[in-house]
Amino acid sequence: MPKVPFIPEISGNLRKHMLYVPESIYEIAGLTILGKRIKSLVFSTDVAIIKNCNAHAVIAVYPFTPQPSITHAIIAAADVPVLCGVGGGTTTGKRVVNLAQDAEFQGALGVVVNAPTSNNTLLEMRKRIDIPIVVTVVSEKTDIHARLESGATILNVSCSSQTPQVVAAIRAEHPEVPIIATGGPNDESIHRTIDAGANAITWTPPSSGEIFKYMMNKYRQSEDLV
């Protein structure tokens, strides 16, 4: 078995307290988007989390109508590539296409559309933007072939506990399609998703509130309090 090379880690006193994605994610092959090799993506729109996480990229999708000001803030704060949500559920049609074009102009590495996005909208987006279109898949019933024919570049599989099975089914029919998938809550679920054929893993970090709770408890136990 080949020896794993030593990888130096450089940090600073003020930045050493940060969020690390699970080490098991680095076992995945990854995918290359416009020259950027990506294995891990942090699923967050919290700019403080994004700025203090070691994920290779950001997948910034949120449950509200996409707004350019939010997209701009995330891209400006991130020091890694960002895949931006541009709607496709409540927000539809021409507005989605316009949001996607704006995201490209602001420097997004790709755009993410929700599962209900119509194939006609995907076709219009493909005509207007050059960056990858990431289409979210939430069910095994999704017509993957039609999605790819309509302009999908990457599939984002988010099917809860069924994610590994759906990834495996897609991979069997489309051996070379790029797949991003949710890794689940632990190393075991991440390994199942990797083994199923995903190229990159999305990771949901703890919230700022959860992190603050941990830090406050730590402060309360400190003997150095004034």
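A residue is called buried when its relative accessible area is under 20%, exposed when that area is over 50%, and partly exposed in between, as computed with a 1.4 Å probe on protein chains only. The model is a predicted one, in which local features need pLDDT of at least 70 and side-chain atom pairs count only at pLDDT 80 or more, whereas totals for chains, interfaces and linings use all residues. Residues are numbered from 1 along each chain as its sequence is written, and side-chain values use heavy atoms, with hydrogens and water left out.

Helices (H or I, at least four residues) and strands (E, at least two) are DSSP runs numbered from the N terminus, and two strands are said to pair if DSSP finds at least two bridges between them. On these terms, eight strands form a closed barrel with parallel pairing, in the order β3-β4-β5-β6-β7-β8-β9-β10. From one strand to the next the twist averages 25 degrees.

Strand β10 (residues 200–203) has parallel partners in both β3 and β9: three bridges pair it with strand β3 (residues 40–43), and three bridges pair it with strand β9 (residues 179–182). W203 of β10 is the bridge partner of V42, while I201 of β10 stands opposite A181. A200 and T202 point one way from β10, I201 and W203 point the other way, and all of these residues are buried.

In helix α4 (residues 119–128), the residues T121, L122 and M125 are buried. Seen down the axis of α4, these buried residues fall within an arc of 100 degrees, so they line one face of the helix; the arc is that of the directions from the helix axis to the C-beta atoms. The exposed residues N120 and K127 are carried on the face of α4 turned away from its buried side. Where contact means heavy atoms within 4.5 Å, the buried residues of α4 pack against α3 (93–106), β6 (110–113), β7 (133–137) and α5 (144–150).

A helix pair is formed by α6 (residues 163–173) and α7 (residues 187–196), whose axes come within 8 Å and cross at roughly 10 degrees. The axes are lines fitted to C-alpha atoms, for helices over the stretch in contact, and angles run from 0 to 180 degrees between N-to-C directions. That crossing makes α6 roughly parallel to α7, since angles under 35 degrees count as roughly parallel, those over 145 as roughly antiparallel, those from 65 to 115 as roughly perpendicular and the rest as oblique. The contact is made by T163, P164, V167, A168 and R171 of α6 together with R192, T193 and A196 of α7.

I38, in strand β2 (residues 36–38), counts as buried at 1% relative accessibility. Apart from neighbours within four places in sequence, I38 is in contact with G30, L31, I33, H56, A57, L109, N199 and A200. I38 and P81, 43 residues apart in sequence, are 9.1 Å apart in space from C-alpha to C-alpha. L99, in helix α3, is likewise buried, with a relative accessible area of 10%, and, with neighbours within four places in sequence left aside, L99 is in contact with P66, P68, V86 and T91.
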